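Student: I have a model open and would like to learn how to read its features. Can we go through a few together?

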Amino acid sequence: MKTELTNVDIFVAVQELQQIINGKLDKAFLVNSQQGKELILKIHIPEVGTREIVVGVGKHKYITLTEYSRDKPRNPPSFAMLLRKHLKNIKIVSVEQHNFDRIIKIKFQWNEIEYILVIELFGDGNVILLDKENTIILPLKIERWSTRKIVPKEIYKFPPQRDLTPFNLKYAVAQNIFNEEFKKEENRDAECVRIISRIFGLAGIYAEEICNLSNMDKNIKNPTDEEINKLYNGTKLFFDKVFNEKKPHIVLKDDKYFSISPIELLKYANYDKKYYDNFLTAMDDYFSIFILKTEIKKQETKIQKMVNRQERILNSQIESLKKYEKQDIENKLKGDLIYANYAMVDEILNTIISAREKLEWKEIKKIVKQNKDNPILGKIVSINEKNGEIILNLTVDYGDGAPITKNVILDIRKNAFENADNYYGKSKKFKHKIKGVHTAIEISEKKLKKLKIQEESEMETLKEKEETTMVKKERKKRKWYEKFKWTVINDYLVIAGKDASTNESLIKRYTEKDDIVFHTQMAGAPFTVIKVDKSKGNKTIEELSEEERNHLISETAKYAVSHSKAWKLGLGSADVYWVKPDQISKTAESGEYLSKGAFMVRGKRNFIRSAILDLGIGIIEYDGEDRITTAPSETVKNFKKYVLIKPAKKKKGELIKELKNEFKEYSIDDEDILKVLPPGESDIKK
């Protein structure tokens, strides 16, 4: 069963992960699983919404975008908090695979601030945050090798690069390098599949596929030049499939997930498969379901905790038994050693006691040291006068093998008989303990057996609940205008940009000749557009009565200023002007430059002075569905349900929670509310 991504898989995944570019980090979580850890990066992507990147490290190593819910810890660990501190609201500007290796680099940048998140999906996996100088700020896991160290304040070093990658195979020099690898002395006795795997760092399954495409036996050693050439052509065929013939799928075995691949493989030709439009979705299903199923099995019920506790007790008892048996044998042997050398031991003890009446210990030790060759004194290993102990090197021969020699500690104040009796006494005590432990083990084994029968019954019940536990988020299908801030005023669709990218898109792609374009007299303000859709009965600005026109323009001006920086600054009003689309151009004046999202406005500007910041949020039925959005108070009062809001210092998370409660009878989630709120912080008008 496949448990980690290969460099081929990562290549395809990184291509698809380009969709997260321009996304900004909102939060980071670190979830412990039975198979390792999952780092979850919650990001907001303009015109797309909130997505979650999941990085698995440990037994399962992968990266994907997930649609599955995870139970996230209330108190994120330090690594997740550090990522939030450094990367929150910083834009992702690039996602790259390093040197066709199992390494992904995600670059975050905002003005002069720059960070790189390095994801290593080899070994046990790791995630490392670097500054723009490639200095390690903090790794998920500290690691050290002979050639590099993953520790804070060290310069991050990539593993050594390979000479060949799939991107340089078209060059003649690449074929020469390929041929030379097969001729190397260390590869003489290696199967060709292993050599190919080493050359490109490929997983075995993909190296086998190259052999199959080359019509070569993967186990061939010392291939001929012709066979090496066939393998080289097979390699090019394989990578051509990776680049141009992607068919993401999960391989099924006995109706269960078995493996995953971005391309069709000859090895799995006869297996059932589940196909996907993209590889990230396939990986999400494969790894998320596998991890979540594993997590269900890991969850300990009351009975499982009792099983684990009883197993710990039993293991402890078995360890005690081994220890007591060893001590029993050890003490009996020492008693035997003393009795086998009874006369000599008694002589040594008596000699030491007699000598002590005339000499100091220092002198006695000196005499012993000088007489190491003496058959009696030579048996003395050491004397510890403070403890009243002497260590003798004694030998016993039971007559059934080689003699046993061992150092034995004796009490100087006791004779040979008393010392031997002391060891036999200890042996007897351990024998008694052994008997008791045997009885305890029998009781524990019976308890464990009974608990495991109960556990098996509960696990069967838990297994039946698996499918209902794995919840996949259902993404709402959003209309084109929901990429922007939007509302409906007097039956006209009004849309506004959210940032430079959506500003650019709004004016270039979605603004037509009969529309009206508003802009607040403030740097960084979004464009706001009244869409004139004649199929919905909208009249042009010229066709409206003066009263209708004034009301539409006044309400739209309020909406425009309320979704500008003026709201964030807590201003009461701001100036707004409106123009026709043909007055807006991306062509700057000579010698000037227009940044992304900025446009030149030429001709007469129609000003609305001191347009009031005035906004409510509520539910409107539009395009056949109930949707949540904002509008000025006079307009929002026509919604199904609404509350008025004002600039304030309440955190968005708290406000969203309150608004969800206000509109709890509607199918509204956090993302729905977050997408329509004005910039900065707000609160409900009481």
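Student: Which helix holds F417?

Tutor: F417 sits in helix α11 (residues 416–464); helices here are DSSP runs of H or I with at least four residues, strands are E runs of at least two, and both are numbered from the N terminus. Before we go on: this is a predicted model, where local features need pLDDT of at least 70, side-chain atom pairs count only at pLDDT 80 or more, and totals for chains, interfaces and linings use all residues. Residues are numbered from 1 along each chain as its sequence is written, and side-chain values use heavy atoms, leaving out hydrogens and water.

Student: Is F417 buried or exposed, or partly exposed?

Tutor: Buried means under 20% relative accessible area, exposed over 50%, and partly exposed in between (1.4 Å probe, protein chains only). F417, at 42% relative accessibility, counts as partly exposed.

Student: Which residues form a nonpolar patch with F417?

Tutor: A patch takes residues with over 30% relative accessible area and no salt bridge (a Lys or Arg side-chain nitrogen within 4 Å of an Asp or Glu carboxyl oxygen). Nonpolar side chains (Val, Leu, Ile, Met, Phe, Trp, Tyr) are joined within 5 Å, like charges within 9 Å. Here Y339 and Y342 team up with F417 on the surface, and together they have about 280 Å² of accessible area, by the Shrake-Rupley method with a 1.4 Å probe, where for residues only the protein chains shown count as cover.

Student: What covers the faces of a strand, and how do I read β20?

Tutor: In a regular strand the side chains alternate between the two faces of the sheet. For β20 (residues 516–520), five of the five residues are buried, so the rest of the structure largely encloses this strand. I516, F518 and T520 are on one side, V517 and H519 on the other.

Student: Which strands pair with β20?

Tutor: Pairing needs at least two DSSP bridges between two strands. β20 runs antiparallel to β21 (residues 527–531) over four bridges, with H519 partnering F527. Four bridges also join β20 to β22 (residues 573–579), again antiparallel, and there T520 partners V576.
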